[in-house]
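Biologist: Could you walk me through this one, starting with how the strands pair up?
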Amino acid sequence: MTIPASAGENEGITVMGLGSVDAKPDVVELTGLVIGQGQLAGDAVTKFHGNRRRAETAFKNLKIPGLEVVEEGMSLYSSLNASQIQAMMRGMAVNNSDSQELSVSETLKLRVTGIDKLNSQELLETIVRIVDSGKDAGVVIGNDTTPAVPGSYNSSKARNTMATFKVTKVKELKEAAFEQAIKNARDQAEKLAKLTGVKLGKVIAIDGAGHAQEGTAAIYRQLVTRYVSASGFNHSEEQGSDMMKEIPIAVTVRVTYSIE
């Protein structure tokens, strides 16, 4: 990979350092959908509460260490019946006076922590237990494959992703990646200085932070502190993949060195 670099008499030498750390996921998440349906709203609500209790009991009885069931939110909607769907597919007017089935649904996030301590076989068995238990309790496991238009086909929803694997210790991993990026930047700058026949000096700026009176360590701390403060590192900062493998945590940093 080419590393952008530049050198100037006044600016010094500026390079882009790259750093990457591969991390084993420590969390797996599955999405479950609990649904209650009926011709009357009251019937739909009653069925929903019954299905919700069954699902809660089923997941609790698994006794899987680190399993957490997080409520993502509820929705209430009506569905077209078969004759209305056929009319829509034929381009005919839909008779809204016909009875529609009412549905009450809740999305559950099934989150298992500590999976980095499991081997592949143990992790796979854990996921299978959750999926089978959820299906037995009437929970739809996986992403939403329902087409936006009833009866239509959407290729983007043809694949039902069952699980998402996530890395949560992003703060520590990013800091380690930054250290690699700084080292990579130094290596690139030394090569450039050698090729241009100049002597490399100290760091005068990292991503615009720092000045000539500060040392490399102080400027580096400024950069990491600024990054950590801006990020917050909550669940939204986690990095995930739908594949059960190590996830790369990568950063880039622009460093400017003085010329002596």
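Biologist: How many bridges join β7 to strand β9, and in which sense do they run?
Modeller: Bearing in mind that this is a predicted model, three bridges link β7 to β9, which covers residues 239-241, and the two strands run antiparallel. Within that pairing, Val167 stands opposite Gln239 of β9.

Biologist: And which sense does β7 take with strand β3?
Modeller: Strand β3, made of residues 27-38, pairs with β7, residues 164-167, in the antiparallel sense, again through three bridges. Val28 has Phe165 in β7 as its bridge partner.

Biologist: Switching topic, which residues touch the most other members of the largest nonpolar core?
Modeller: That core has 25 residues, and the ones with the most contacts to other members are Val28, Leu30, Phe59, Ile127 and Ile130. Two or more residues each come from β3, α1, β5 and α3, with α1 giving the largest share, six residues.

Biologist: Now α3: which of its residues are buried?
Modeller: The buried ones are Leu123, Thr126, Ile127, Ile130, Val131, Ser133 and Gly134.

Biologist: What caps the N-terminal end of α3, and what comes just after the helix?
Modeller: Asn119 caps that end, with a side-chain oxygen 3.1 Å from the backbone nitrogen of Gln121, while just after α3 the residue Gly138 takes a positive phi of about 85 degrees.

Note on methods: Residues are numbered from 1 along each chain as its sequence is written. This is a predicted model: local features need pLDDT of at least 70, side-chain atom pairs count only at pLDDT 80 or more; totals for chains, interfaces and linings use all residues. Side-chain values use heavy atoms; hydrogens and water are left out. Two strands pair if DSSP finds at least two bridges between them. Helices (H or I, at least four residues) and strands (E, at least two) are DSSP runs, numbered from the N terminus. A nonpolar core is a set of buried Ala, Val, Leu, Ile, Met, Phe, Trp, Tyr and Cys residues joined through side-chain atoms within 4.5 Å. Buried means under 20% relative accessible area, exposed over 50%, partly exposed in between (1.4 Å probe, protein chains only). A polar contact is a pair of N or O atoms within 3.5 Å; within protein, one must be able to donate a hydrogen and the other to accept it, and residues adjacent in sequence count only if both atoms are side-chain atoms.
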